[in-house]
Amino acid sequence: NAGTEADVYICVYGERGDTGSRQLLRSQKPRKFLKGQTDIFAVEAVHLGQLYKIVIGHNGLGSGNGWFLGKVVIKDPITDLDYTFLCHRWLDQGQDDGNIARELTLTDASTFPGRQELELKREETWAAEKWKFQEGNTLQFYNRLTRGFICLGPDGRVDAFGDKKNKYGKVFFM
């Protein structure tokens, strides 16, 4: 019962505007929105630029109108980019939170501008900080509220008594 016979609508949002609500009418499959099935639709619209969210839902009509939506992938024919919007929730008045429409934001990190720069900074930060997590090190955190220390020992032991003095000679503020 994860498919639906209800009319499904989508609105796609990009940096240059949105499509407005569009009914998904003609799938490349003979019956659309069946459980476990991938449906493909063509939606004509002006180029919206970089996409960032969609609103997708159905009208709640018909028998068995509840629908479990895994994800929506939009392929931009101009830029050849794929935009992925994960859902993995019910659009059903009798399931989950009872909503029959969902607002989904972009989840495919490969389409974010500057992704390579962010990944490089992440790698540089990890290279500078990973020595703290090597075997045998004790991590000590200072709690500004209690003005005491919390220590994570190399054996996985946690000392959270909040001692006021620095037992190990070094403090790492994280």
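## Confidence of the model

The protein chain has a mean pLDDT (the predictor's confidence in each residue, from 0 to 100) of 79, and 83% of its residues reach 70 or more. In residues 170–174 the pLDDT falls below 50, although this stretch has 17 contacts in the model beyond near neighbours in sequence, a contact meaning heavy atoms within 4.5 Å.

This is a predicted model, in which local features need pLDDT of at least 70 and side-chain atom pairs count only at pLDDT 80 or more, while totals for chains, interfaces and linings use all residues. Residues are numbered from 1 along each chain as its sequence is written, and side-chain values use heavy atoms, with hydrogens and water left out.

## The largest pocket

The largest pocket holds about 1100 Å³ of space. Of its 36 lining residues, Asp39, Phe41, Val72, Val73 and Ile74 are the closest to its centre. A pocket here is an open set of points on a 1 Å grid over the protein atoms alone, where a 1.4 Å probe fits, with protein on both sides within 12 Å along at least five of seven lines, and lining residues have an atom within 4 Å of a point. Grid points are joined across faces, edges and corners, and the volume is the space filled by probe spheres set on them.

Strands E1 (8–14), E4 (51–58) and E5 (67–75) are the elements that give two or more residues to this lining, and E5 gives the most, with 9 residues; strands are DSSP runs (E, at least two residues), numbered from the N terminus. By class, the lining divides into 23 nonpolar, 7 polar and 6 charged residues, where Ala, Val, Leu, Ile, Met, Phe, Trp, Tyr, Cys and Pro count as nonpolar, Asp, Glu, Lys and Arg as charged, and the others, Gly among them, as polar.

## The nonpolar core and Phe85

The largest nonpolar core has 19 residues, and those with the most contacts inside it are Ile54, Ile56, Leu69, Val72, Ile74 and Phe85. Such a core is a set of buried Ala, Val, Leu, Ile, Met, Phe, Trp, Tyr and Cys residues joined through side-chain atoms within 4.5 Å. E1, E4, E5 and strand E6 (82–91) each give two or more residues to this core. Leaving out residues up to four places away in sequence, Phe85 touches residues including Ile54, Val72, Ile74, Leu104 and Leu106.

## Cys87 in strand E6

Cys87 lies in strand E6 and is buried, with a relative accessible area of 10%, buried meaning under 20% with a 1.4 Å probe and protein chains only. Its C-alpha atom is separated by 5.2 Å from that of Lys71, 16 residues apart along the chain.

Notes
Helix = DSSP H or I, 4+ residues; strand = E, 2+ residues; numbered from the N terminus. Buried < 20%, exposed > 50% of the residue type's maximum accessible area, 1.4 Å probe, protein only.
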